[in-house]
Amino acid sequence: MTSAMRAADVLYTQAELEERLDDILCAALSSRRSAAAIAAGIAPLPRAQQEFVLGWAQVAAHNVAELGYQFTAQAPQALALFGRGGTEKWLLHALDAYDKEGLYPACAALKDLAGFKRRTDAAGEGVALTEVTRVLELFLRGLAGRRLQLEAADDTWTDTETIFLPERIACYTSREQNFSLYKAIAVHHWSQARYGSFNVELGPALAAYAEPGRALAWLNLLEAIRLESLVGRSYAGLAALLAALRPELPARLVAARERLSQADSSIADSVLLLPEFYPLPLPEPFPYMGSLHPQRAAEVRGERIAKERRALYTELEQLRQTAQAERNESQAGEPELDVDSSFDTLEFELQIDGEEVTPPEEVAKLIRSIIQDFGEIPEEYLLASGPGAYAAEDPSADEAASEVGESQAVGGRLYDEWDFRRRDYRKDWCVLFESDVLPGDPGYVAAVRVRYAGRIAQLRRRFEALRGEDRLLRRQTEGEDIDFDAAVEAYADCKSGVEPSERLFVQRQRTERNIAVMFMVDMSGSTKGWINTCEREALVLLCEALEALGDRYAIYGFSGWTRKRCEIYRIKTFGESYSEAVRGRIAGVEPRDYTRMGVAIRHLSGILNEVEAKTRILFTLSDGKPDDFHDGYRGDYGIEDTRQALLEARQSGIHPFCVTIDEEARDYLPHMYGPASWVLIDDAGQLPLKTADVYRRLTS
Amino acid sequence: MNDLHDTRRLSADLDRIETEPYYEPVGGEVALFEAAWASRVPVLLKGPTGCGKTRFVEHMAWRLARPLVTVSCHDDLTASDLVGRYLIVDDETVWVDGPLARAVRTGSICYLDEIVEARKDTTVVIHPLADNRRILPMEKRGELLRAPAEFMLILSYNPGYQSVLKELKHSTRQRFVAIEFDYPRPDLEAKIVVTETGIDASTAERLVKFAAMTRNLKGSGLDEGASTRLLVHAAQLMRHGVAPRAACTAAISLALSDDPEMLTAIDELASAVF
């Protein structure tokens, strides 16, 4: 076995597998049945799973070769379905059948993968990633650090931005235990990103060994020990969880833990210990450990570092300019920036000229992410000269194309656009055209209504409760009429010497809502497919709810292709009722081109401001950042223009609000809409149900 | 009749705060408040729920040795609830001051908590009190109350609410000096939990760590993270023998969300520190 373990990470080739299978299964093989097909199935599996299959194939074939053959043939599929623990159980179940009923039922049991899965699922012991994704994501978000995505994959590992986990865990008999393992896997890989397992280049360090795969396996193990103790410093409960799942450490590793559990230990310490452990036999990996892919993690990390360095530079430049503007003349030179940070807590203090400044949340997040990658904010990040190699993109690239007034403006309206670099508007920069959405499938809305019938009834009830109606309030302290019941009671109270109530009047209360809302729907190309479906369904549900409520509303879509062709699509105007034609247009909402948001906001704010209402709301449904084709709208320019358009809207008395499904929204939406004027819906599928709820909360 | 009037007047003494309410300053807010008081400028306290706004006001009232009249605003609170009204006593009508009039008469500090919840007509009485006129017109009595130098008006307001109908009007907010509150720094927050509840320092630190984790979830399905007040509640439960995890669930998780997945996630976060 030792020789097999030496090459811990090197896959068996198909030929090697075939040879071993020939050995194990020889009695079941014939000229029609060769081991080659089976070997082909097992060859792509990770090494640990290959070992696992071969080991159990031996056990099964020991009973009768045919069972070994059936097992190995089905094993790849079984592993994908049940994981290792489940596959073991599936085989043991078949061996049981063999003992009790003979070969034929045992083979049938092995072939009936779907049935076994159904039964174990019904027993409720396995946990699927999809069931726990949201809980785990929220959980990881709660722990400090960069945001991590969770994805299902055959191999368990992290690239420092995404954690790849098994699709299903059924290693234990109880759901709680299986969930705990998920949690442990998530925590372990989160800690690799959080405590910098990839913060040094591992390639050269590993290449020095004769068997880099083996060195990597040892490094993975040493890191697991180091990370467990680091996690334990802040989160005692998590360290206990990890420790409970792994076997007792042998004496040598306990000694290593002493060295790795220093507060300032880093991946470098694990690398330093590697020569000592490399020659020793590898222990079984801990159940929550996946594999390390230093190369792929380094790529992701490298991209992030470049991106974040640019972003931080831009942000700091703004802070610097503000500080410069506030300075009195006696102070010479550039304002001096300084960041004190702690890798341990990810807390930091940003100082400009020795004065502490609290940066906006997005900047704070950026700084914390950089601290994770470097342990601190590197000196050169704070220099005013900026990252030479990473100079910001040239803003004036499209200056040449700035002549307007050509024939394409016929029938269009011209709008100014905000250029944040000039701090001024570009006059008559965008040409906007308004047109009706072409009607789509006439039966669409009816079909959605049927699908969401229960939900719509519920929405209508809830919205009706909000509806402002004239109410007669009894027993008021003042009002336009006497409440006779109360007056009689009060008179009686007086006569009997009891203090009478002073609430003797009825009051007609008019709780008129007087709200007008403009729904601005993203019809850019990126909404193609599923998101578009969700948007349309959201619109149907909104209309149904708003009809019950009686708020005045209009729906417009927006898209566009460069500043010369910004499009606004009418779906429902304020004057129109929720008619057959409107329903047809909702069905016809489809993805078009780009997302030039500023001009759309300006145009729709104009329409909204023509409506007489006490409260006006501009409600945007969006799937991402402002963006346009080729003329520099993408990025800061678009965000700043959109922000400016929203500020204009706000000044004219409109309340802008945004519902988005863009995971990165947190980075820019607070800047555009303000801290409390947006909502992120994690899952596009929730859009139809949640949007109406958001609107209800917004206006109650 | 006079009795009734007198009892209402006397109650200003009941508003007096005798012992020092515990408050841990986080920045320059005490000095700022004192300066505002000295220059007779009203104050607007902004900040999330449970971060210490009310306690701060109590503390300042004690510091300045003024009685404190607190009104928790709700959506049925009208201007006449604040100013006062006539009651019928023995075939006679008797005027009874509302809390705001009482505070003006006695030169107290009047604290209108969560002002955006109140009916819009309350601004009618707040505005003349909050600018340099410092008067309270009592239309029903035909009386104009002039606020003495000691009187001070304080509003509190949570800007995190997402309802457009619950925004403070500019004409109101621009009459006030604003002090922004946030949750205290971790070391300070732990100290507050220890002082409030007498729990041991290490448990308090863990609670604060847990609170920080829930605050990371703000915007991902939680409107607010755990407030300092919730931490105090949890610590009090623990002091009375409730197991830490159970105390966190009862006092914090369930207070923050009804969403089962969110609850699971928050409970899992609690298990990371306890």
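Ground rules first. This is a predicted model, where local features need pLDDT of at least 70, side-chain atom pairs count only at pLDDT 80 or more, and totals for chains, interfaces and linings use all residues. Residues are numbered from 1 along each chain as its sequence is written, while chains are lettered from A and ligands numbered from 1 in the order in which they are written.

Overview. Chain A has 25 helices and 19 strands. Helices (H or I, at least four residues) and strands (E, at least two) are DSSP runs, numbered from the N terminus. Chain A has 700 residues, and 39% of them count as buried. Buried means 20 or more other C-beta atoms within 10 Å of the residue's own; exposed means 12 or fewer; partly exposed is in between; C-beta atoms are placed from the backbone. Now contacts. Two residues are in contact if their C-beta atoms, placed from the backbone, lie within 7 Å. Take the contacts in chain A between residues at least 6 apart in sequence: 73% join residues at least 24 apart.

Next, helix 9 of chain A, residues 175-194. The expected span is 1.5 Å times one less than the number of residues. For these 20 residues that gives 28 Å, and the end C-alpha atoms are 28 Å apart, so the two agree. Of the 20 residues, 16 are buried, so helix 9 of chain A is largely enclosed by the rest of the structure. Just after this helix, A:Gly196 has a positive phi of about 70°.

Now helix 11 of chain A, residues 212-234. How does it pack on helix 13 of chain A, residues 251-260? The angle is about 55°, and the axes are 9 Å apart. Axes are lines fitted to C-alpha atoms, for helices over the stretch in contact, and angles run from 0 to 180 degrees between N-to-C directions. Helix 11 and helix 13 of chain A are therefore oblique to each other. The cut-offs: under 35 degrees is roughly parallel, over 145 roughly antiparallel, 65 to 115 roughly perpendicular, and the rest oblique. From helix 11 of chain A, the contact uses A:Leu222, A:Ile225, A:Arg226 and A:Ser229. Helix 13 of chain A brings A:Leu253, A:Ala256, A:Arg257 and A:Leu260. By class, that is five nonpolar, one polar and two charged. Ala, Val, Leu, Ile, Met, Phe, Trp, Tyr, Cys and Pro count as nonpolar, Asp, Glu, Lys and Arg as charged, and the others, Gly among them, as polar.

Helix 11 of chain A also meets helix 14 of chain A, residues 267-277: the axes come within 9 Å and cross at roughly 130°. This pair is therefore oblique. Residues of helix 11 of chain A in this contact include A:Trp218, A:Leu222 and A:Arg226. Nine nonpolar, one polar and three charged residues make up the contact of helix 11 with helix 14 of chain A.

One residue to look at: A:Leu242, in helix 12 of chain A. It has 25 C-beta neighbours inside 10 Å, so A:Leu242 counts as buried. Beyond four places in sequence, its contacts include A:Ala184, A:Glu228 and A:Tyr288.

Last, the interface. 27 residues of chain A contact 29 residues of chain B. Helix 8 (129-142), helix 12 (236-245), strand 17 (615-622) and helix 25 (687-698) of chain A each supply at least two residues of chain A's side. Helix 8 of chain A gives the largest share, six residues. By class, chain A's side has 13 nonpolar, eight polar and six charged residues.
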